[in-house]
Amino acid sequence: MRPPAVLPCRHVMALTLRLERDHGRLAIHNRMVPVARLVIGVPLLAVGALFLSGVVTAIVEGVRTGGADAAIAAGLQAWLSALFAAMLLPLGWWLSFGRRFIVIDPQGPTIVEVFDWRVGRKEVRRPSSHFRAVRVAAEPLNDEPNSSNDAAAPVYCQQIRLLAQAPGVQPSFEIGVLELEARQDAIAAAGQVASALGLPLEVAEPGARLRSPEREMNDADDLPPPDDDAEEIEPTAPSP
């Protein structure tokens with residue numbers, strides 16, 4: 001069986017990695033624009049806005065027509081339009097405009113993961129003491145245990161990852177990704193992250209293809225146990 005072809009990141013999404021310093025804090029913006037998110041998100045946003053306009057239209061038509069029957073029909077139409085708008089607008093907005101970036105706070109230091117939806121945000125803080133090093137390596141994109149894309153062609157990128165002190169307890173943390181060819185840019189960015197966190201920098205060999213620590217542990221657990229009943233074959237000396 002032929003192994004699946006390896007696709008570069010640029011065939012899947014546009015990638016940029018921007019590092020900014022502000023008052024001693026290091027902000028890491030890894031702009032990832034998956035084509036699928038825009039293809040799905042923008043139409044959902046447009047359809048949701050159409051349903052929202054349908055709410056106003058139904059109310060105006062009900063008032064203009066008058067009568068109990070018209071009011072009931074307008075109320076039902078407005079309720080259905082509002083229901084669909086409430087489902088589609090937030091999802092379309094999140095897919096189209098949601099973003100994630102990371103801030104290295106020198107107090108601690110601490111890794112702050114920010115989820116920004118333009119109209120609100122959420123922050124998750126992780127102390128740097130949970131991690132032992134910053135690693136740069138070529139890894140498959142979205143390399144998660146039990147991934148449903150195992151049969152698909154792997155998409156390799158330069159992954160900047162924080163390696164956990166206790167891999168079985170604390171998961172590793174993805175800082176950002178760049179295209180496979182942008183190895184030197186990834187190393188330079190990872191060096192700034194390592195310096196800000198006070199952690200050592202580990203760089204994989206140029207031709208190495210690694211997996212996430214969580215995926216490696218999961219694959220090791222899936223290996224079949226040794227067969228205790230198997231016969232041990234003694235090596236035989238070659239015949240003269």
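How many residues lie between S4 and S5 in their hairpin, and which residue in the turn has a positive phi?

1. Basis. This is a predicted model, in which local features need pLDDT of at least 70, side-chain atom pairs count only at pLDDT 80 or more, and totals for chains, interfaces and linings use all residues. Residues are numbered from 1 along each chain as its sequence is written, and side-chain values use heavy atoms, with hydrogens and water left out.

2. The hairpin. Four residues separate S4 from S5 in the hairpin, and Gly108 in the turn has a positive phi of about 130°. S4 covers residues 99–105 and S5 residues 110–116; helices (H or I, at least four residues) and strands (E, at least two) are DSSP runs, numbered from the N terminus. The two strands pair in the antiparallel sense over seven bridges, where pairing requires that DSSP finds at least two bridges between the strands. Phe101 has Val114 in S5 as its bridge partner.

3. Burial of S4. Of the seven residues of S4, five are buried, so the strand is largely enclosed by the rest of the structure. Buried means under 20% relative accessible area, exposed over 50%, and partly exposed in between (1.4 Å probe, protein chains only).

4. Asp105 and Arg25. A salt bridge joins these two side chains at 3.7 Å, N to O; the term stands for a side-chain nitrogen of Lys or Arg within 4 Å of a carboxyl oxygen of Asp or Glu. The pair links distant parts of the chain, with Asp105 in strand S4 and Arg25 in strand S3 (residues 25–34), 80 residues apart. Asp105 counts as buried because its relative accessibility is 11%, whereas Arg25, at 34%, counts as partly exposed.

5. Glu139 and its two arginines. Glu139 forms a salt bridge with Arg135, the closest N and O atoms being 2.7 Å apart. Glu139 also forms a salt bridge with Arg161, where the closest N and O atoms are 2.6 Å apart. Arg161 belongs to strand S8 (residues 155–164) and Glu139 to strand S7 (residues 131–140), so this pair ties together parts that are 22 residues apart in sequence. Arg135 and Glu139 are both buried. The relative accessibility of Glu139 is 1%, and Arg161 is buried with a relative accessible area of 2%.

6. The structure holds 13 salt bridges.
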